[in-house]
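Trainee: I would like to learn how to read the features of a structure that is new to me. May we go through one together?

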Amino acid sequence: MKYAIFYFSPCGGTKSVADIISKELDDAPMQELTTPSMNTSIDKDTLTFFCIPVYGGRIPKPMYSRMEIIQGNGTPCVPVAVFGNRAVEDALLEMSELAEKHGFVTVGGCEMVAPHSIDPEFGAGRPDASDKAKLHDFLQKLKAMDSFSPVKMPGDPNYAKKKAAGLPLYPVASKECIGCGICEKYCPANAIKGKHMRTVPTKCISCMRCVNMCSTDSRKVPAPMRLAAHLTLKKLCSGRKEPKFYL
């Protein structure tokens, strides 16, 4: 069986899960979708994994444009939702339905924990040894299957009508910003504009990639907003959440 792995990973947490899957599948090829990539067609004999982070119980908005370049042909796929120890909610169902619109058939699904993109204290050290062992068992079951059948992912079918539960945190540039443009160039949502590197709130997905990539540590979420977010996440993300698998 052939394998392919696509991943959207602004701060590296989702990539860490994609890397594990790749190694488990004999170094299966990976293609990043965090920024626009090349057109790709996947045949029906390639089991394809879509590894995506969860933002407010949904997939990142840019995934809709990223999927425009990927075409399946009755190709089996496995959406992998990576979340910051809060909840997956409707992300697996949303990714499954998006993939199916582009020629894929959902044959399994997976929920994995990684450090929260807004506050990495939550989900720190994940995926750990226990997570990796469970993911290993899941992948072994997939590898052993002679054929695949469609599997329905959990989630509310009316997710598109619901308001996402994400925190409205928009990074800003401080006076130390040197205007290098790295944040603008690599913003997955094309939400940073102008010589002052201003964030466009209507486009920002609060993925924190610009904060993570800033070489001068001059791009931040304002302190009051960071504190409010921490207190909110402490209520929602404390206590260990476990991976879940669907076959």
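Mentor: Let us begin with a term: a residue counts as buried when its relative accessible area is under 20%. Please bear in mind that the model before us is predicted. In this model, both Phe50 and Phe104 are buried.

Trainee: How many aromatic pairs does the structure hold?

Mentor: Two aromatic rings count as a pair if their centres lie within 6.5 Å. The structure holds three such pairs.

Trainee: Which parts does the pair of Phe50 and Phe104 tie together?

Mentor: Phe50 belongs to strand 4 (residues 46-53) and Phe104 to strand 7 (residues 104-106), so the pair links parts that are 54 residues apart in sequence. Together with Phe6, Phe50 and Phe104 form one aromatic cluster.

Trainee: What does a search of the whole structure find in the way of cavities?

Mentor: The general idea is that rolling a probe the size of a water molecule over the atoms shows where empty space is left. Here the search finds two cavities of 30 Å³ or more.

Trainee: Which residues lie nearest the centre of the second largest cavity?

Mentor: They are Cys187, Cys204, Ile205, Cys207 and Cys210, out of 14 lining residues. The volume of this second largest cavity is about 100 Å³, and its lining divides into eleven nonpolar, two polar and one charged residues.

Terms used. Residues are numbered from 1 along each chain as its sequence is written. This is a predicted model: local features need pLDDT of at least 70, side-chain atom pairs count only at pLDDT 80 or more; totals for chains, interfaces and linings use all residues. Side-chain values use heavy atoms; hydrogens and water are left out. Rings of Phe, Tyr and Trp (its six-membered ring) pair if their centres lie within 6.5 Å; planes under 30 degrees apart count as stacked, over 60 as edge-to-face and the rest as tilted. Helices (H or I, at least four residues) and strands (E, at least two) are DSSP runs, numbered from the N terminus. Buried means under 20% relative accessible area, exposed over 50%, partly exposed in between (1.4 Å probe, protein chains only). On a 1 Å grid over the protein atoms alone, a cavity is a set of points where a 1.4 Å probe fits but cannot get out, and a pocket is an open set with protein on both sides within 12 Å along at least five of seven lines; lining residues have an atom within 4 Å of a point. Grid points are joined across faces, edges and corners, and a volume is the space filled by probe spheres set on the points. Ala, Val, Leu, Ile, Met, Phe, Trp, Tyr, Cys and Pro count as nonpolar, Asp, Glu, Lys and Arg as charged, and the others, Gly among them, as polar.
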